[in-house]
Amino acid sequence: MSVYLQNTARVADVPLTEAERKARVELAACYRIFDMLGWTEMIFNHITLRVPGAEPRFLINPFGLHYREITASSLVLIDLEGNVLRQSEWPVNRAGFVIHSAIHGALPQAHCVMHTHTTNGVAVSCLKDGVSSDNFYGAMLHGRVAYHELQGVTVDLAERESLVRDLGDKHVMVLRNHGLLSWGANVAEAYLRLWTLQRACDVQIAAAQAGGAINRLSQPVIERMLEESGPGESRTCHDVYAALVRLIDARDPSYRD
């Protein structure tokens, strides 16, 4: 099956609203942030953002551009059926559409969905026990991580049902032998959740490579971590993300074009 989304519908004539324009700038900034952090996989992987409005539509990266090249105007607007709603010179990756449309379609509150193939994220996804709770970041996610078994390259629309079922009420997911995923009511929430999951994986792999015995956290300590901290607190999410946007603006504001 082709890696490209086979869209046979005509490109719709959808007016560019102010809400979409703002969403485009916000999402383009996020792609540049991922590039700054090294969370890239050549032209692959995806971050999507729902455009406010009555119809479920979301923006996705054009398949063929590196994250460093993405601008607000190059993002592709599609619907849940994969129809391109504004002319684009770039196609859409089918795997990205399948994964992200599944979550956007099933969870109206999922305004932003992120998926990465970082080395440590994929490494932990290959471990039978998944994400460890025995480090500062992993403890924050104890009992909060969903898991989805690999079924091949995610190009079959039928997989959307099991993906959503496995996600359940969780905000972060490990796609086994594949990578990491998060969603949020906005870009900032989705980002800090993914960052926490990524940090948990980074520390877990580093601790394993250190070669010593792992100091296990007790259940009472883990429960305190869950009560006292967490990547979902709204003010923290927005403050962290705003700081990163300022860094991107200082480096290269061309993403706004």
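This is a predicted model: local features need pLDDT of at least 70, side-chain atom pairs count only at pLDDT 80 or more; totals for chains, interfaces and linings use all residues.
Which residues in α1 meet which residues in α8?

On the α1 side, the residues are E26, A29, C30, R32, I33 and M36, and they meet Y241, L244, V245, L247, I248 and R251 of α8. By class, this contact has nine nonpolar and three charged residues, with no polar ones. As for the geometry, α1 covers residues 18-37 and α8 covers residues 234-251; their axes are 10 Å apart and the packing angle is about 80°. Angles of 65 to 115 degrees count as roughly perpendicular, and α1 and α8 are therefore roughly perpendicular to each other.

Is L107 buried or exposed? Its relative accessibility is 15%, and buried means under 20%, so L107 counts as buried. Setting aside residues up to four places away in sequence, L107 touches R50, L167 and W183. From L107 to R199, 92 residues away in sequence, the C-alpha to C-alpha distance is 26 Å.

Beyond its neighbours within four places in sequence, D134 is in contact with I214, N215, R216 and L217. With R216 there is also a polar contact between the side chains, at 2.8 Å. G64, by comparison, is 70 residues from D134 along the chain, and the C-alpha atoms of the two are separated by 39 Å.

Note on methods:
Residues are numbered from 1 along each chain as its sequence is written. Side-chain values use heavy atoms; hydrogens and water are left out. Buried means under 20% relative accessible area, exposed over 50%, partly exposed in between (1.4 Å probe, protein chains only). Contact means heavy atoms within 4.5 Å. A polar contact is a pair of N or O atoms within 3.5 Å; within protein, one must be able to donate a hydrogen and the other to accept it, and residues adjacent in sequence count only if both atoms are side-chain atoms. Axes are lines fitted to C-alpha atoms, for helices over the stretch in contact, and angles run from 0 to 180 degrees between N-to-C directions. Helices (H or I, at least four residues) and strands (E, at least two) are DSSP runs, numbered from the N terminus. Angles under 35 degrees count as roughly parallel, over 145 as roughly antiparallel, 65 to 115 as roughly perpendicular and the rest as oblique. Ala, Val, Leu, Ile, Met, Phe, Trp, Tyr, Cys and Pro count as nonpolar, Asp, Glu, Lys and Arg as charged, and the others, Gly among them, as polar.
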